[in-house]
Amino acid sequence: MAQTLLMPKATAVWLVDNTALSFDQIAQFCKLHPLEVKAIADGEAAQGIKGLDPISTGQLSRDEIARAEKDPNHKLKLSDPKVRVPDSKRRGPRYTPVSKRQDRPNAILWLVRNHPELKDAQISRLVGTTKSTIEQIRDRTHWNSANLTPMDPVTLGLCSQIDLDMEVEKASRGRPLPTAAELGATLQSATETENLDFSYQREEEKEIDANAVFAKLQSLKSDRRNDDDDDQY
């Protein structure tokens, strides 16, 4: 793994304040321009940056600094790291536990239907499948297509919500905005609605006939009176 200097500008501030190294030597070591190092020495740049001691971080030795101070042509070299960080392996398809592999087709179907903007490579990273399987599910040629049910891969535990959101965001970058036809029914504009007639047609209320109501009440009372007379006999 290639070595890189930690906080180059902060290291340059410390070297300017604590060593007799030339601007060119500091610039070469910190990957800065000599004029930028001169501005740091004059107080015109990096005023709010606290110097970082490269000796305490193990990236530079005192002997190396002393050697460079004696020889202006000497180029500072980073010290060998005490801890070796292994090279990161190329990220391949996500590993899926055996117990959850049977759920992958359902998750792929869910992603294909709900996020058509995702590419096959993105779906492969999310659920750990192959492009041929994705194509078969898209084309409904998968051997188990009749029994597949769309299921959220996050709910199935095949990927995290953060990973899914990141892939969807990547796929949406630079994509044209959907048209009104794609969105379906949308709100009408103000120019279309300002001339509309919003009068509502109400059903005509039937007029209440008071005489008919009282006649109905009288008939009910008479019926009740007759029933009372029958009870007495």
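The model I am reading is predicted, and I treat every value below accordingly.

**Entry 1. The partner of glutamate 36**

I looked up which residue pairs with glutamate 36 in a salt bridge, and found lysine 9. The closest N and O atoms of the two are 3.0 Å apart. Glutamate 36 belongs to helix α3 and lysine 9 to helix α1, so this pair ties together parts that lie 27 residues apart in sequence. I then checked lysine 9 itself: its relative accessible area is 32%, and lysine 9 is partly exposed.

**Entry 2. The buried side of α3**

I next asked which residues of helix α3, spanning 34-41, are buried. They are Val37, Ala39 and Ile40. Looking down the axis of α3, I noted that its buried residues fall within an arc of 155°, so they line one face of the helix. I also looked up what these buried residues pack against, and recorded α1 (8-18) and α2 (23-30).

**Entry 3. The end of α3**

I followed the chain past the helix. Glycine 43 comes after α3, and its phi is positive, near 80°. I also recorded a salt bridge between the side chains of lysine 38 and aspartate 42, at 3.0 Å from N to O.

**Entry 4. A pair elsewhere in the chain**

I counted the salt bridges in the structure and noted five. One that I examined joins the side chains of arginine 125 and glutamate 167, with 3.1 Å between N and O. Arginine 125 sits in helix α6 (residues 120-127) and glutamate 167 in helix α9 (residues 161-172), so the pair ties together parts 42 residues apart in sequence. I then looked up the accessibility of each partner. Arginine 125 has a relative accessible area of 29% and is partly exposed, whereas glutamate 167 has 8% and is buried. The cut-off for buried is under 20%, so glutamate 167 falls within that class.

**Remark**

Note on methods: Residues are numbered from 1 along each chain as its sequence is written. This is a predicted model: local features need pLDDT of at least 70, side-chain atom pairs count only at pLDDT 80 or more; totals for chains, interfaces and linings use all residues. Side-chain values use heavy atoms; hydrogens and water are left out. Buried means under 20% relative accessible area, exposed over 50%, partly exposed in between (1.4 Å probe, protein chains only). Helices (H or I, at least four residues) and strands (E, at least two) are DSSP runs, numbered from the N terminus. The arc is that of the directions from the helix axis to the C-beta atoms. Contact means heavy atoms within 4.5 Å. A salt bridge is a side-chain nitrogen of Lys or Arg within 4 Å of a carboxyl oxygen of Asp or Glu.
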